[in-house]
Each structure stands twice: as C-alpha cells, then as structure tokens.
Amino acid sequence: MTEEEFKKELERLGISVTDEKMHQLEQFYEILIKTNKQMNLTRIVEKEEVYLKHFYDSLTLVKAYSFEGDLSLCDVGSGAGFPGIVLKIFFPNLKVTLIDALQKRINYLNEVVEALGLVGIEAVHVRAEDLARQNRKFDIVTARAVASLPKLLGWCMPLVQKNGVFLAMKGNVEEELDLSSDLLQKKHWTLEKKISFLLPKEESKRTILMIKKNEA
C-alpha cells in the first residue's frame, strides 16, 4: 500500500488525513525500522507492507467504534505501538496508555512518542494483571496479536470500566469465540459487534470484536 493508496483507504473509513499526520507516520516508520535492527519488533519491514498491515490495519478499529470525545484508552501488549500510537496520531483527543511487559519495548515506545511530539500518551512497563490490581480503568482497551481470546478476556476486561469496551483485533476468530462463550456468559460481558473484513490489496481476513462490560 503506497502512501497515496493509504490516504484513499482512510478517506473510505471516514478518517481525515493531514500532512502533519503523514509526517508523523513517516517518522514512526523510520524509528520502527531502525529499532527493529536491534530488537525484534516486527517481521514486516517493507514500507508499503507497514502502511498496510500496521498503520492501516490499526485504524480499521473505526469500523467498530467512534473515537470522538474525551476518552481513555489502554493498548495491552502494545509491542511496536500498534494500534495505540497510530490511534493517538489520528485521534489526538484520546488519552492513551501503552503497556508492555518488556522494558526495552517501553523505551522504544517512549522514543516514538517523544519524536512525534505526542502529548496525552504514556508508555508503562507493567503487565495487564498488575495494572488491574492498581484499579486502573479505561473507556476502551485494545489488544492486537497478543494472545488467544480467552486469555485476552482475563487480562483486558478487568481494565475496562463499566459500560466501556474491549476491542480485540483478530484474524479468524470462530474457534476462540466458542472457547470464550462460557466466560462471556458468566461475567455478563456482551459481544456487541463482530466485524469481519479483508485487508485491501492482499485480502487477508481481519475480525474486530467489540465486547462491552455492562453496568452491574
């Protein structure tokens, strides 16, 4: 996906693109590739692949959720910064917390945040379970390519505040959903949306699950 194709696809998603945002993505890409030579952040390094499979893919969350307004978001297992940093670039209104269990990745995330001049975003070296024990709660919790859905529910849902949502970014998810059905029912968590689609150009399957923590 070229930068022009990226812009056109974002317009189809209803996302406005500015020169500043594109410049921030270019900086992000450069730091990602530089750091990836020292530590394993991603196997996807070709620029057009990064724009498709990381940048565009992160923003497909708008298919499930509107990120407008004063919202807090926690990106669990943020890794290379997807989707958390990309969401922050395009939705500066979000108050974002990136968490990862590896300090080296947190150092890299902080480098990206500083280089891009982002404010209202923090990167924290902590596991999701430990953050939940601190009673931290968020309007939105995201996770992308971290673990199976049953595990993710156990890690992420305690971080979701009442009437907030967990947005899980998955591929083919039917089996994982079956394995999660008892837990969803037991906890009274609602699968509000299940949106499946194909990525442009390469047409690999993506599924976004929006799971709501209902008011008790």
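Because the model is predicted, local features are reported only where pLDDT is at least 70 and side-chain atom pairs only at pLDDT 80 or more, whereas totals for chains, interfaces and linings use all residues. Residues are numbered from 1 along each chain as its sequence is written, and side-chain values use heavy atoms, with hydrogens and water left out.

Helices (H or I, at least four residues) and strands (E, at least two) are DSSP runs, numbered from the N terminus. Helix α2 has 18 residues and reaches 26 Å from its first C-alpha to its last, close to the 26 Å expected at 1.5 Å a residue, the expected span being 1.5 Å times one less than the number of residues. Within α2, the residues K21, M22, Q24, L25, F28, Y29, I31, L32, I33, T35 and N36 are buried, where buried means under 20% relative accessible area, exposed over 50% and partly exposed in between, with a 1.4 Å probe and protein chains only. The elements that cover these buried residues include α1, α3 (47–59), α4 (84–90) and α5 (103–116).

Two packed helices are described by the angle between their axes and the distance between the axes. Axes are lines fitted to C-alpha atoms, for helices over the stretch in contact, and angles run from 0 to 180 degrees between N-to-C directions. Helix α1 (residues 3–12) packs on α2 (residues 19–36) at an angle of about 125°, with the axes 12 Å apart. The two helices are therefore oblique to each other, given that angles under 35 degrees count as roughly parallel, over 145 as roughly antiparallel, 65 to 115 as roughly perpendicular and the rest as oblique. The crossing of α1 and α2 is right-handed, a term used when the near helix is turned clockwise from the far one by less than a right angle, anticlockwise being left-handed. E3, F6 and K7 of α1 meet M22, L25 and E26 of α2 in this contact, contact meaning heavy atoms within 4.5 Å. By class, the contact of α1 with α2 has 3 nonpolar, no polar and 3 charged residues; Ala, Val, Leu, Ile, Met, Phe, Trp, Tyr, Cys and Pro count as nonpolar, Asp, Glu, Lys and Arg as charged, and the others, Gly among them, as polar.

The axes of α2 and α5 come within 10 Å and cross at roughly 150°, and these helices are therefore roughly antiparallel to each other. Here too the crossing is right-handed. The contact joins Q24, Q27, F28, I31, L32, K34 and T35 of α2 to Y108, E111, V112, A115 and L116 of α5, and its residues divide into 7 nonpolar, 3 polar and 2 charged.

Not counting residues up to four places away in sequence, L94 touches F67, L71, L73, L87, K88, G120 and I140.

Most residues other than glycine have a negative phi, and most peptide bonds are trans. The peptide bond from F82 to P83 is cis, with omega near 5°, and P83 is found in the loop between β1 (72–76) and α4. In the loop between β6 (189–198) and β7 (205–213), K201 has a positive phi near 70° and is exposed at 54% relative accessibility. E203, found in the loop between β6 and β7, has a positive phi near 60° and is exposed at 55% relative accessibility.
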